[in-house]
Amino acid sequence: MAWGTLFAQKLSKISGKIVDEKAQPVAFAVLSLKNIQDTATVKKTATSIDGEFSLDQVKPGHYKLSVSMLGFKTREIPDLIVSGDQTLPAITIQSTVKQLK
């Protein structure tokens with residue numbers, strides 16, 4: 001009789017903070033974690049009032065992280081490799097709003 005071994009993939013947590021050009025937190029920005037092969041959205045979340053986010057229970061693999069917010073340019077991290085829990089450095093997004101003179 002052959003015995004098989006069941007291997008479970010360890011799920012990871014990705015966390016970080018979204019800031020603007022002045023290093024101020026961006027509240028309620030939307031983050032989408034997408035499969036790099038077929039661009040299917042795997043996880044989605046929004047930042048807190050402090051600009052912080054957390055994506056829980058992410059399988060190991062290669063992903064694209066997209067950050068969007070009204071009044072800001074969409075920012076993409078094209079090749080995010082997940083192999084364990086990680087805290088990303090602050091992600092800066094650029095404002096599209098122009099001040100009137």
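1. Start with the salt bridge: the side chains of Glu-76 and Lys-64 meet at 3.8 Å, N to O. The term stands for a side-chain nitrogen of Lys or Arg within 4 Å of a carboxyl oxygen of Asp or Glu. The structure holds one such bridge. It links distant parts of the chain, with Glu-76 in strand E6 and Lys-64 in strand E5, 12 residues apart. In general, side chains of opposite charge can pair when their charged atoms come close.

2. A word on what you're looking at. This is a predicted model, where local features need pLDDT of at least 70, side-chain atom pairs count only at pLDDT 80 or more, and totals for chains, interfaces and linings use all residues. Residues are numbered from 1 along each chain as its sequence is written, and side-chain values use heavy atoms, leaving out hydrogens and water.

3. How exposed is Glu-76? Glu-76 counts as partly exposed, because its relative accessibility is 40%. (Buried is under 20% relative accessible area, exposed is over 50%, and partly exposed lies in between, with a 1.4 Å probe and protein chains only.) Across the protein chain, buried residues make up 30% of the 101 residues.

4. Now the overall build: you'll find eight strands and zero helices in the protein chain. Both kinds of element are DSSP runs numbered from the N terminus, with at least four residues for helices (H or I) and at least two for strands (E).

5. Four of the strands form an open sheet, in the order E3-E2-E5-E6, with antiparallel pairing. Its edge strands are E3 (41-46) and E6 (75-82), each pairing on one side only. On average, neighbouring strands here are turned by 20 degrees against each other, direction ignored. (The axes are lines fitted to C-alpha atoms, for helices over the stretch in contact; angles run from 0 to 180 degrees between N-to-C directions.)

6. To count as a pair, two strands need at least two bridges found by DSSP. Gly-61 has Val-82 in E6 as its bridge partner.

7. Over at E2 (residues 30-35), the antiparallel pairing with E3 runs over five bridges, and Leu-31 stands opposite Thr-45 in E3. E2 and E3 form a hairpin with five residues between them, and Thr-39 in the turn has a positive phi of about 60 degrees.

8. Finally, contacts (heavy atoms within 4.5 Å). Among those in the protein chain with a separation of 6 or more, 53% join residues 24 or more positions apart.
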